[in-house]
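Here is a short report on a protein–DNA model.

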Amino acid sequence: MLTEPDAVAEQEKLRQQIITENRFRQPIRYIAGADVEYDKDTNLIAGAIAVLHYDTLELAAVATHVMEVTFPYIPGLFSFREMPPLLAAWEKLTLKPDLIICDGHGIAHPRRFGLASHLGTILDLPTIGCGKTRLYGTFAEPGARRGSISPLLAEDDQQVIGNALRTQDNINPVFVSTGHKVSLDTATAIVLEMARLYRLPETTRIADHHGRLAMEAYKEKNPL
DNA sequence: GCGACAG
DNA sequence: ATCTTGTCGC
């Protein structure tokens, strides 16, 4: 099994591969959302990846995978818990997206290696981190209107590691950061564009929905 | 020693 | 993550 020190060493190794500039073919045609659901009374987790048409937000493909957890929840090593089900779901996916928005942070992480960066470097695919709450860094409250941003700062405000982005008027901001091969500015613009109606981008909402369905179906088919 | 701590 | 309907407020 993977030990904590090994996980940290793995992070450091992969972290060096992160590219924080745009390196993807434009225009974007397919954009995906990646999310993982947990079951309250078992140790099952369901990874889900939903691919949407970038322009219409119409669902183009989806894949899920239910399995048992293989790593505990440790802030900072979170990705080692969610990567297994996501990679398994990725293998089942028939239509590969141009870019993935992850439910968790990218480089807005104490060692600059959150889930989005982990998934991006392993798959060598452009990824964006979009977390609902802050993990690392300091920030000033962004303006009250949709589209307002405020930088997430680290190392005594000497580094910008992400953006607090208000996706709807007077609603708590989300935290956007580069995962891999997408600049912070581009990542922020894409998340805002995908969050037309709700606080979270449509990609993660759809992935979350299918993850739930997969979990229910699995428990139905495999009773305790 | 005391908090903080993605999902 | 999960527990969870109605309800307080804009």
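## Terms and basis

A residue is near a molecule or strand if one of its heavy atoms lies within 4 Å of it. This is a predicted model: local features need pLDDT of at least 70, side-chain atom pairs count only at pLDDT 80 or more, and totals for chains, interfaces and linings use all residues. Residues are numbered from 1 along each chain as its sequence is written, chains are lettered from A and ligands numbered from 1 in the order in which they are written, and side-chain values use heavy atoms, with hydrogens and water left out.

## DNA strand C

Of the atoms of DNA strand C within 4 Å of the protein, 100% belong to sugar or phosphate. By class they are 1 nonpolar, no polar and 3 charged (Ala, Val, Leu, Ile, Met, Phe, Trp, Tyr, Cys and Pro count as nonpolar; Asp, Glu, Lys and Arg as charged; the others, Gly among them, as polar).

An N or O atom of Lys132 is 3.3 Å from one. For Arg212 the distance is 3.1 Å.

## DNA strand B

DNA strand B has 16 residues around it, the closest being Tyr73, Phe78, Lys132, Thr133 and Arg134. Sugar and phosphate make up 53% of its atoms within 4 Å of the protein. The nearby surface has 6 nonpolar, 6 polar and 4 charged residues.

The side chain of Thr133 places an N or O atom 2.9 Å from a phosphate oxygen of DNA strand B. Asp103 has a polar side-chain atom 3.0 Å from a sugar or linking oxygen. His109 has a side-chain N or O atom 3.4 Å from a base nitrogen.

## Salt bridges

A salt bridge is a side-chain nitrogen of Lys or Arg within 4 Å of a carboxyl oxygen of Asp or Glu. The count is 13. Lys181 pairs with Asp124, with closest N and O atoms 2.9 Å apart.

Lys181 is buried, at 14% relative accessible area. Asp124 is partly exposed, at 46%. Buried means under 20%, exposed over 50%, partly exposed in between (1.4 Å probe, protein chains only).

Arg166 and Glu141 also form a salt bridge, at 3.5 Å from N to O. Arg166 is buried at 6%, whereas Glu141 is exposed at 53%.

Conventions. Polar contact = N/O pair within 3.5 Å; in protein donor to acceptor, adjacent residues only side chain to side chain.
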